[in-house]
Amino acid sequence: MEIKVEKSLCILCRKCVKVCPSQIFSCSDEGIELNNTDSCIGCGHCVCVCGSGAVKHTLFPKEKIHEIDYAGYPSAEQVMLLCKGRRSNRAFSAEPVPVDCIRKILEAAHAAPTASNMQQVEFTVITKRENVKKISLFVVELFGKYVKILENPLLKPVLKLFFKRYYRYVPVYYRMKSEMEKGGDMVLRGATAVILIHVPEKSMFGAADGNLAYQNGSLMAESLGVSQIYTGFLCTAIRMGKGKFERSVNLPEGRKIVAGMGIGMPLFRYGSYADRKELEYTVD
Ligand SMILES: Cc1cc2nc3c(=O)[nH]c(=O)nc-3n(C[C@H](O)[C@H](O)[C@H](O)COP(=O)(O)O)c2cc1C
């Protein structure tokens with residue numbers, strides 16, 4: 001990786017100095033100077049703010065830089081409408097999500113910020129019907145094993161003392177199981193594909209990175225008319241499964257799933273959205 005500032009093009013606006021998160025640029029009588037280029041996190045801010053094309057960065061050749069037409073931004077009202085109109089619509093049709101929609105959802109998710117610009121979030125997309133079904137089955141079977149332990153008459157009095165909070169999920173499991181026996185699915189709700197969002201196992205901000213990616217992806221899904229649900233039951237089962245699920249989907253070694261999105265085409269869209277609880281905030 002190499003960074004250069006072409007003196008002949010530089011107009012000394014100092015924008016690169018102001019935006020670089022690693023203080024690589026400084027300005028002296030000699031012009032812009034570079035320090036500790038090894039600490040570059042590859043965010044590309046320097047290239048993107050340089051209006052004269054003086055900053056050259058080998059990670060960002062011309063074809064990787066795209067002019068922003070701010071007039072093309074959605075208005076604040078449109079963004080607000082998208083944020084409030086996006087719902088977890090669980091009424092999915094059997095129609096598969098078009099491949100180009102999945103691609104756009106992933107592209108939006110991939111554009112989310114990551115801690116130190118690490119960009120270690122990756123995606124595994126499950127679309128084959130039988131594999132999607134296996135996911136729900138995995139969750140119900142795994143929860144079943146734990147419920148069996150929780151309901152063990154010898155262990156129950158002790159477990160209830162220490163793990164009281166888990167007992168509220170016991171009736172949820174029985175509903176899940178009975179729905180499955182009737183051909184329903186309380187885990188994926190009929191989503192036709194699942195996007196698994198994963199990060200390196202040891203990543204410090206992996207969960208934050210993955211979930212920011214999720215939200216970008218979910219807003220893109222909404223704008224495309226694709227429905228999504230956060231697969232919370234699945235994420236819980238993955239954690240409880242101690243690597244079993246990761247192996248079943250051939251997740252690359254050393255990675256952990258931090259979020260999952262069930263997607264599908266909606267049977268219908270909602271005519272309205274409901275307000276959340278009152279917005280609470282303090283300003284100091
Ligand atoms: C961390 C998390 C876990 C969730 N898990 C599930 C889930 O397992 N199944 C499901 O149908 N919805 C799940 N949801 C969706 C929430 O129930 C939903 O976001 C919430 O009720 C608000 O509704 P809305 O998304 O339609 O605005 C989850 C959401 C979050 C943020």
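## Terms and basis

Two residues are in contact, or touch, if their C-beta atoms, placed from the backbone, lie within 7 Å. Met186, for example, touches Arg175, Met176 and Glu179, not counting residues up to four places away in sequence.

The model is predicted: local features need pLDDT of at least 70 and side-chain atom pairs count only at pLDDT 80 or more, whereas totals for chains, interfaces and linings use all residues. Residues are numbered from 1 along each chain as its sequence is written.

## Overall form

The protein chain has 10 helices and eight strands; helices (H or I, at least four residues) and strands (E, at least two) are DSSP runs, numbered from the N terminus. The chain is more spread out than a compact globule, because its radius of gyration is 24 Å, well over the 19 Å that the globule rule gives for 284 residues. That radius is taken over C-alpha atoms, and the rule is 2.2 Å times the number of residues to the power 0.38. Along its principal axes, the C-alpha trace spans about 80 × 45 × 45 Å.

The domain assignment gives domain 1 (3-64) and domain 2 (88-284), with bounds that come from an automatic or database assignment. The centres of the two domains, taken over C-alpha atoms, are separated by 41 Å.

## Packing and cores

Of the 284 residues, 25% count as buried. A residue is buried if 20 or more other C-beta atoms lie within 10 Å of its own, exposed if 12 or fewer, and partly exposed in between, with C-beta atoms placed from the backbone. Among contacts between residues at least 6 apart in sequence, 76% join residues at least 24 apart.

A nonpolar core is a set of buried Ala, Val, Leu, Ile, Met, Phe, Trp, Tyr and Cys residues joined through C-beta atoms within 7 Å. The largest such core has 40 residues, and those with the most contacts inside it are Val139, Ala193, Val194, Ile197, Ala237 and Ile263. Elements giving two or more residues to this core include α5 (129-151), β6 (193-200), α8 (206-224) and β8. Apart from this core lies another, of 11 residues, among them Cys20, Cys40, Val47 and Cys50. Ile263 touches residues including Val97, Ala191, Ala193 and Ile195, not counting those up to four places away in sequence.

## Surroundings of the ligand

The residues around the ligand are Arg87, Ser88, Arg90, Arg189, Ile229, Tyr230, Thr231, Gly232 and Phe233; each has its C-beta atom, placed from the backbone, within 6 Å of the ligand. β7 (227-230) and α9 (232-241) each supply at least two residues of this shell.

By class, the shell has three nonpolar, three polar and three charged residues. Ala, Val, Leu, Ile, Met, Phe, Trp, Tyr, Cys and Pro count as nonpolar, Asp, Glu, Lys and Arg as charged, and the others, Gly among them, as polar.

## Residues in loops

Most residues other than glycine have a negative phi. Ser116 has a positive phi of about 55° although it is not a glycine, and is found in the loop between α4 (99-110) and β5 (122-126). Ser116 is partly exposed, because 14 other C-beta atoms lie within 10 Å. Asn250 also has a positive phi of about 55° and lies in the loop between α10 (244-248) and β8 (255-264). Asn250 counts as exposed, with 8 C-beta neighbours inside 10 Å.

Met186 is placed in the loop between α7 and β6. With 18 C-beta neighbours inside 10 Å, Met186 counts as partly exposed. Met186 and Ser136 are 50 residues apart in sequence and 8.1 Å apart in space, C-alpha to C-alpha.
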